[in-house]
Each structure stands twice: as C-alpha cells, then as structure tokens.
Amino acid sequence: MLDFLKPPIAAFQDFVLLSIRAVRNIFRSPHYADDIFVQMDVIGVGSLFIVSLIGLFSGIVMALQMARALTQYGAQGQVGSIVAITLVRELGPVLTAVLVAGRNASGIASELGSMKVTEQIDAMRALGTDPIQKLVTPRLIALAVVLPLLTVISDFIGLIGGYFIASTMLGLTYSEYWTTAWQALEYNDLAQGLLKPFVFAVIIALVGCFYGMRTTGGTQGVGRSTTSAVVTSSVWIFVLTAFITYVWNIIFVKQ
Amino acid sequence: MTPADSTVLRFEDVSLQFDATVALDHVSFDMRPGQTYVVLGAAGSGKTMLLKVAVGLITPDSGRVSLFGQEITHLREQDLFEMRARVGILFQEGGLFDSLTVAENVAYPLMNSHVAHSNASHSNGNGTARSVQDRVRESLRFVELEQTLDKFPNQLSGGMRRRVGIARAVVSEPALLLYDSPTAGLDPITANTIIALILKERDLRNTATIMVTHRYQDGHLMANFRYNSNNGQIERAASGSDVSQVSTKFLVMNEGRLVFEGTEPELQASQDSYVRKFLRVGGA
C-alpha cells in the first residue's frame, strides 16, 4: 500500500550511507591530497570572481533599499549596521551557497555522472580504489574549507558596495559607515555567518556526489542528475538557513 | 587441496534482480585455471552483470561466488580490493579515466597500494624488480600503442581505447582476465586485432579468460586459434592435439539464465533455437 514511499526512502537511506562513508573516510588513509587541492582550485578560485560580483551588488542593493526606508526616520546613519547584519547573517552565506550550488553541485554531478555511465567508477573499484575516498571525500573537504572563505570575501565586498552607496548617495563619511557596520556585528553573528556556509558546503558536496554516483541511463541520465543536484541542494540551502536561524535564536538570543 | 581451491571462479546458484528485471537467474558454473570461457548472449541477457558479480562490483541477491577458492559474496569492499588485484577487467567502452593520460591509466593498477604489495612479492619471485614505468611501456608495447603514452583517452579512436584498456587489464599480470564485449561497435578488422591481443595474452601467460560477446566469430577464434610465440602470429591450432579447443567452453545466456554450457562442437550440435540463432548470425 505504501509502496510509493519506498523509492524516496531508499534514496534517502543511500544518501545517508554515502554521507557516513564520506565523512568516515576523512579519518582514514589513503588520503588524496592532490585531489583536495585540485577541487579547492576548481571550486574556490573558480568561483571567486562571480561570488565577489554578486557580493558587491547585494551590498549595493541592500544599501539602496535601506537608504530610502531609513531616511524616512532620519536614521540614514544606520545603513552600515543594517547592511552588515543582513549580509553577514543571511544574504552572504545564502547567496554564495546558491551560486556555488549552481556552479559546482552541477559540475560535480555531471563529472561523476559521466564517470558512472562510462564505467569509470566501476573501473576504479575494480582497480582497488574506493570511489568515495577518491572522489567524494576530497570534494567534501574542499567545499567545507572553501565555501566559508568565499562567504567571508563576499560579505566584505558587499560591505564595500554598501559603503559606495552610503558615501555617494547618503553623504556618510568613511568612519560613520564602517564604525556602525563594525559595532553592529557581534561574535554571535559571525559564528552564525560561518556555520551556515559550512553546513551548506556539506550539503552541496554530498548532494552533488550523490546524484552523480547514482546516474543511470547514459548522457540523458547525466543531464537529469545535474538538474536534480542543483534543485535539491538549492532547496536544502533555503530550508536549512531558516532552520539554523530559528534554532540559533532560541539558543543564543536572549529575549 | 579441496576442489574449491583449484577453481578460478565458481558460481553457485547465483541470482540477481533489479526491480522487475532478472539479471541473473540461478547461474552456476565452475572455471579452472587456464580455461577460456566465451559467454554469448543478446543485449540485456545478463552477460555484463555476470562479470560484475564475478569480481564483487555487484553483490548477488542469492547464491555464492568464489574467486580463487575464496567466497567473496559477503566480503567487505576493503577485502575485495585484494581479490580484485588478481583479476584484470576490460570494460565495454574501455572504462579509461579521461582525466589521466594513457600512461597514467595503465600505471593505475600498479600505483595502487593493494597491488603494490602483491607486486613486491611477484618481482622477488622473478628475481627482477621492474619499475612501474618499464611495466607500463611493456604493457603498451604488448598492445602496440607505445607511441600514445602522453595522450589522453579522448584523443584515441574506439579501437585504440579498447587496446589501452587491455594494456591496463594485463599490466598487473592477473591470474584471471575478464573482457566485456571487447569487439562491440568496432569494424571487423579492428575487432580481429583485439581478439588477436586477447589470444596473445591468454597463450603467452596461460591466463584464465572469460570473454563476453554477442559475436560467435569471436568465440570461434578463441576456441580454434592460438598465438605462436615463435613467429608472433595468430594461427589455427592443430586439430586434435590442441589444448585450447578442449579448454574453451561456451556459455549461452538468455534473460539471465544459463541456457547452454559446453564445447564448440556441442554448441554447433545444439538444437536449442536461441542457441542456433547465434550460430546463424556468426556464420563462422
């Protein structure tokens, strides 16, 4: 009767098993350091420009939107603090992660998917290499290191974008903007802003690898996996950011 | 030695199913050292699954598979790596890693720690320790592709990729070689070159060989021809005195079931309509 539930539950079980193996492999040899650095380069350095660009414009847009609202209350001096808080807590992590999901969850899924359909994954196992150790774990480590760094860069460039608007349109001085921005941030916000990209990195890497590794049906299958990887990881990023924010507020924010 | 020890590969009542499709249906056979098995079957008859189950890439739903006398059905992946180091596989499209050069592809089985161990003991036995590079060159020379060392697989033709795949399969000098449709999608001349290489490997090192194919000619060549190491030619084996004729067996698969097992004369005498279809198509 509940047969229709079997495939999604089985898929989730496979995902959990893959995640456990991938994480366990971090502490097991052999370690493929070369692959980790290659992935860091592909994902981190490769995404740097686009992430910076998006960061800059999200800061500009935030400042523009807030400038109008704040001017009504004569509080345009607070634009720095609002841009800083929204960027560091929420927009920076989410926008960066969605961008990297679109760029790299798809890349990972299509690369591993092509390897799967051309029997390279089987060949790897036949030649004595654990494909999870060789392919999944390096991508997981690389993303977990690189995505928080990208987020920090994106946040900072976003703040610069906000400063550009604050100084040109609102006539704020350098110290007016940066002092309010700096003072608005608490360690709490920074921690939240670093935890999120770390969690998103794990999701992007595992979801991308998961869909790649279970690709079937030739080149068409690779296309399907790629789409699923991007959609699934993006949805999870939004679900998890809401969840983390909710839990964070309960635990750390004293009302 | 128990009987199990003298078999290279043994299937006991092995079944495997994917959703509604039966891939293997109660398959049993025994393979001894030096034997050649030719597995014939239409597309989707379970031939490839047979090979994947044989090296534990897929675990069967029921039944037992033994490799070199040891049951592998319930082994963990880590333990399987050591067993697989003694088996060479040629995948259907070659299965080469396209991010690695030809030389790196062929060296892959040797760079691996699991194999490195068994190689160490191997070279001690020979008294000559050869470097990885030498063995890669030697293996590529074997398939006559020494000039492609630094190329990437996507720069090679289909037949050349297949040959590099053979070089990678034989480089670790395995005791059992599995070929998955080595001639599929190749023109007849290239196909014969591939079969000649398979014969050469089999007859030079007396490797147990399983070849999956849908072409009867391939099996006919395997059963009736041999590699003459004196002149480097493939020649028809002298009838009667020939060893490979006796040691070459044919398996015919249909929808996961083993519908025929026997020698070539027995195959030709078979009255089964499915089996006869292959003989007609082949027309060797």
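Student: What makes the crossing of α3(B) and α6(B) right-handed?

Tutor: A crossing is left-handed if the near helix is turned anticlockwise from the far one by less than a right angle, and right-handed if clockwise; α3(B) passes α6(B) in the right-handed way. The helices themselves are DSSP runs of H or I with at least four residues, while strands are runs of E with at least two, both numbered from the N terminus. Please keep in mind that this is a predicted model, in which local features need pLDDT of at least 70 and side-chain atom pairs count only at pLDDT 80 or more, whereas totals for chains, interfaces and linings use all residues. Residues are numbered from 1 along each chain as its sequence is written, and chains are lettered from A and ligands numbered from 1 in the order in which they are written.

Student: Why are α3(B) and α6(B) called roughly parallel?

Tutor: Helix α3 (residues 102–111) and helix α6 (residues 158–170) of chain B pack at an angle of about 30°, with their axes 7 Å apart. Axes are lines fitted to C-alpha atoms, for helices over the stretch in contact, and angles run from 0 to 180 degrees between N-to-C directions. Angles under 35 degrees count as roughly parallel, over 145 as roughly antiparallel, 65 to 115 as roughly perpendicular and the rest as oblique, so α3(B) is roughly parallel to α6(B).

Student: Which residues of α3(B) and α6(B) make the contact?

Tutor: From α3(B) come B:Val102, B:Asn105, B:Val106, B:Tyr108 and B:Pro109, and from α6(B) come B:Val164, B:Ala167 and B:Arg168; two residues are in contact if their C-beta atoms, placed from the backbone, lie within 7 Å. Six of the residues in this contact are nonpolar, one is polar and one is charged, where Ala, Val, Leu, Ile, Met, Phe, Trp, Tyr, Cys and Pro count as nonpolar, Asp, Glu, Lys and Arg as charged, and the others, Gly among them, as polar.

Student: What makes β2 and β5 of chain B edge strands?

Tutor: Each of them pairs on one side only, in an open sheet of four strands with the order β2-β1-β4-β5 and antiparallel pairing. Strand β4 (residues 62–67) is joined to β5(B) by two bridges, and B:Ser66 has B:Glu71 as its bridge partner in β5(B). Five bridges join β1(B) to β4(B), with B:Glu12 opposite B:Arg64 in β4(B).

Student: Why does A:Ile160 count as partly exposed?

Tutor: A residue is buried if 20 or more other C-beta atoms lie within 10 Å of its own, exposed if 12 or fewer, and partly exposed in between; A:Ile160 has 14 such atoms, so A:Ile160 is partly exposed. A:Ile160 lies in helix α5 (residues 131–169) of chain A, and touches A:Leu56 and A:Gly59, not counting residues up to four places away in sequence.

Student: Why is B:Asn192 also partly exposed?

Tutor: B:Asn192 has 16 C-beta neighbours inside 10 Å, and therefore counts as partly exposed. Its place is in helix α7 (residues 188–205) of chain B.

Conventions
Two strands pair if DSSP finds at least two bridges between them.
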